[in-house]
Amino acid sequence: MIGFAKLLWHPGAAEIAHVELPSTGARIAFLLASFAIVLLFEAAFPLFSYGRSDRLRNISRNAAITVIFVGVNLLLSPLSPLAAQWTLDAKFGLSHWLGLSPLNQLLLGIIGLDLFAYFAHVSMHKLSWMWRFHRMHHADRFVDVTTAFREHPGETLWRIGWHIAGVVVFGTPAWVLVSYLTLSALNAQFEHANIRLPERLDRWLRLVFVTPNMHKMHHSRHQPETDSNYSNLLSIWDRLGGTYNRGPRFAELRYGLDGFDDPEKQSLRGLLKMPFMRDWGRPGAGQDDEAERSAPPPVLPWP
C-alpha cells in the first residue's frame with residue numbers, strides 16, 4: 001500500500017506505471033449492476049408516480065436505444081485510447097509537459113475531460129444542427145435511469161470527438177480516460193434517476209457533483225430552465241459558466257419537448273430519424289394540448 005501511494009505521488013512514476021485496464025465485459029457488467037441498483041432505489045423512493053403501462057413502454061423504448069448506444073460506443077471504443085497512446089508516445093499534452101505524477105494525472109484528467117464534456121453539452125444546445133440530434137434525449141417525458149443512455153448515434157460521435165480533444169490537450173493516459181468515463185456513466189444513471197434526494201443532502205453533494213435534483217431542471221419543458229445545468233460530473237462548470245440553476249419546484253416540473261409527444265415521434269423509428277426532420281418541433285397548432293397531455297403525475301409525498 002505504501003509503495004502504491006509513492007507511485008501515485010512521485011512525478012517520475014508516470015513513466016513506469018502500468019495500470020491494467022478492466023475488460024469491456026467487466027465494465028459493462030459493472031454498469032449493469034449499478035443500473036439494477038438505481039432501479040431498485042427508483043422503486044423504493046420514486047420522485048414521480050408514472051402509470052405502469054407508460055413506464056414499461058418507455059423503458060422498453062429506451063432499452064432499445066441503449067443497445068444501439070452501447071454498440072456505437074463499442075465500435076468506436078479504440079479511438080480515444082489510440083489518442084491517449086499517441087499523447088504518451090509523443091509526450092504531448094499538459095500531463096506530460098508538467099511531468100505530473102499518476103495521482104495528479106488522474107485529477108487533471110477528470111477535471112479536464114469534464115470541462116470538455118461541459119463544452120460539448122453546451123454546444124449541442126447552441127448549435128441548431130446539433131440540437132436536432134440532442135433533442136432525442138430531451139424529448140423523454142418520463143425521465144428516469146433509462147434516460148441516461150437515450151442518446152442518438154450522432155450525439156455519441158460528437159461527444160467522442162470532444163473526449164479525444166480533451167485527451168490530446170491534457171495528455172490523458174488511457175487508464176485515466178477509462179476512470180473518467182466510468183464515473184461519468186455512473187453519475188449519468190444517478191442524475192437521471194426518478195428519485196428525490198433530501199434537500200440538505202442534495203445541497204451538500206451539489207457543491208461538488210451534479211445531483212438528480214440539479215439535473216432535473218435541465219430536463220424541464222420550459223426552455224429557460226432547459227438551458228441551464230449543463231455540467232456532466234462536476235457542478236463547478238455551471239457556476240463558472242453562469243449556467244447554474246438551483247433546481248426545480250417539483251410540483252411544477254414538466255419533462256419533454258413541446259411538439260414531440262405524439263406516438264410517431266416517440267417511437268424508436270421516430271426517435272432515430274428525429275435529427276433529420278427539420279419541421280418537427282416548429283410552433284404550430286396542437287402543441288399546447290400535447291404539453292398538457294404530457295404533464296407527469298403529481299409528486300409523491302416526501303417524508
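## Aromatic pairs and a helix crossing

Trp97 is exposed, because its relative accessibility is 53% (exposed means over 50% relative accessible area, buried under 20% and partly exposed in between, with a 1.4 Å probe and protein chains only). The model is predicted, so local features need pLDDT of at least 70 and side-chain atom pairs count only at pLDDT 80 or more, while totals for chains, interfaces and linings use all residues. Residues are numbered from 1 along each chain as its sequence is written, and side-chain values use heavy atoms, with hydrogens and water left out.

Across the whole structure, a search finds 16 aromatic pairs, where rings of Phe, Tyr and Trp (its six-membered ring) pair if their centres lie within 6.5 Å, and planes under 30 degrees apart count as stacked, over 60 as edge-to-face and the rest as tilted. Two of these pairs are set out below.

| Pair | Centre to centre | Angle between planes | Class |
|---|---|---|---|
| Phe48 and Tyr50 | 6.4 Å | 25 degrees | stacked |
| Phe92 and Trp97 | 5.0 Å | 70 degrees | edge-to-face |

Phe48 is buried at 2% relative accessibility, and Tyr50 is buried at 11%, whereas Phe92 is partly exposed at 31%.

Helices H3 (residues 52-76) and H8 (residues 153-170) have axes that come within 10 Å and cross at roughly 40 degrees, the axes being lines fitted to C-alpha atoms over the stretch in contact, with angles from 0 to 180 degrees between N-to-C directions. In H3, Ile68, Phe69, Val72, Asn73 and Leu76 meet Pro153, Thr156, Leu157 and Ile160 of H8, contact meaning heavy atoms within 4.5 Å.

Key: Helix = DSSP H or I, 4+ residues; strand = E, 2+ residues; numbered from the N terminus.
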